[in-house]
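Hello,

Here is the structure for your files. My notes on it follow below the sequence and model.

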Amino acid sequence: MSQADYTLPPIETSEERRELWSHIDEAGGVRAYIRQEIHRQDLAATGNPEHMNASQRQRYKQAKKLEAEFRTALRKRTWAAYRETHLVHLGDDIFYNDLIDIDAFDIDNREQRREANDIPSIETVDELATFLGLTIPELRWLSYHRNAEASPHYVQFSIPKADGSRRVISAPKPKLKACQTKIYHEILSLLPVHGAAHGFVPGRSIATHASLHAGGNIIVKMDIRHFFPTIVFPRVKGFFRKIGYPEQVATVMALLCTESPRQEMEHKGQVLHVALQERCLPQGAPTSPTLTNLMCVRLDRRVLGLARKLGWTYSRYADDLAFSWHQDSEPDLAQLLGCTKAIAGDEGFKIHPKKTQVMRAKSRQMVTGLVLNATGGDEPNHPRPVRRLVRQIRAAIHNRKNGKPGKAGESLLQLQGLAAFVCQTDPRRGEPLMEDIRALIAAELAE
């Protein structure tokens, strides 16, 4: 018989490859399946060549060749089926093994921990793919790490910071963003964060953060250096393991929620996005803000304990740590600063040495862009935007009402956003500004 008599039909769809893997699984694995198919087709060459004459030996060699060709074709098919149903490999420097099921780093009673937080039970990457609405190849494509990537899953751009430097934003593309949003809504948002955290927490804001410190005699502000880049892939993976997920699932979830900062480079006429450091939380992903709060729970608990012991009020908004002293006595600033720095270092963070500020009541006190100094008179102490911003918005509204054009690049929507910021913290001044801008927008639409 010729090889053509045993030509295998192509498997072109994912359904066909998954069905083939189910047959392989039933047979007991790839080797057992190949043996089974060779015997089913009666292609196993048998006999001892040493006891054959010349013609028998020739037929034996032809049978062995045909068996080898059929075995090679079967291996290609089984490999395609395996890749359809297994992640196999997840890229440079990423440890992953499809065969791992129990790991020494699994926490005790992880099922009970998941149940206590009412988060989904996901024990395998197959279940993770189903949870995210993906096939295994799609999951591998989204989580695969390359040090040099031709088409990354993020769009990077930068925005100016208050100090004149640039902040890099990594916005996930739609497919990955949908996965991150699912992880955020159905897992991360269900987990408790510390009460001292005010950033990216429903019901809390820069206003609630700053209000704790309004009217303080002394305000201390500290900044965590390279906050998002400090929370790297191993820490994120460890967090997912800590909340009760096994090794494989935690690895893939951490890959979906992290990315390396990248720089465009040209190599042999091709533009590549080259990783500058290990994977970390990207600013711009739906999962990153909540992950920072969840991974700072112990930091917040320890710093709050220190602050209470020393008589300070403490809260945190993202990477900004704020302390206020409301007593008439003089506090021990050196103890607060030194112990907070030590705790931050112990928790894997570093306090920015140039961004620590001590603001007394006789000077302007600001936290997250809001003025905290006592207003005097009958008004209660409350955070408020700087007067310069309010005057700027009023001037822009006045010019628009009198037919003058706005500044270059200044739109009514931008003014509305600034007025909303004022309204959030100072409704008495903000609401009239919002009403004027709404009227200007309505007039512009009517034209």
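Glu15, Arg17, Arg18 and Glu84 are linked in a network of salt bridges (a salt bridge is a side-chain nitrogen of Lys or Arg within 4 Å of a carboxyl oxygen of Asp or Glu). This is a predicted model, so local features need pLDDT of at least 70 and side-chain atom pairs count only at pLDDT 80 or more, while totals for chains, interfaces and linings use all residues. Residues are numbered from 1 along each chain as its sequence is written, and side-chain values use heavy atoms, with hydrogens and water left out.

Salt bridges

The structure holds 21 salt bridges. One of them joins the side chains of Glu186 and Lys182, at 2.9 Å from N to O. Both residues lie in helix H7 (residues 174-186), four residues apart, about one turn of the helix. Helices (H or I, at least four residues) and strands (E, at least two) are DSSP runs, numbered from the N terminus.

Arg302 and Glu347 also meet through their side chains in a salt bridge, at 2.8 Å from N to O. This pair links distant parts of the chain: Arg302 is in helix H13 and Glu347 in the loop between H14 and E9, 45 residues apart. Glu347 is buried, because its relative accessible area is 10%, and Arg302 is partly exposed at 31% (buried means under 20% relative accessible area, exposed over 50%, partly exposed in between; 1.4 Å probe, protein chains only).

In a further salt bridge, the closest N and O atoms of Asp436 and Lys401 are 3.4 Å apart. Asp436 lies in helix H17 (residues 427-446) and Lys401 in helix H15 (residues 387-401), so the pair ties together parts that are 35 residues apart in sequence. Lys401 counts as exposed because its relative accessibility is 52%.

Sheet

Four strands form an open, antiparallel sheet in the order E7-E8-E4-E9 (two strands pair if DSSP finds at least two bridges between them). Strand E7 (313-317) and strand E9 (357-360) are the edge strands, each pairing on one side only. Strand E4 (residues 218-223) is joined to E9 by four bridges, and Val220 stands opposite Val358 in E9. Helix H13 (residues 297-310) packs on the sheet, touching E7 and strand E8 (320-325), where contact means heavy atoms within 4.5 Å. Helix H14 (residues 333-346) packs on the sheet as well, touching E4, E8 and E9.

Regards

Technical notes. Axes are lines fitted to C-alpha atoms, for helices over the stretch in contact, and angles run from 0 to 180 degrees between N-to-C directions.
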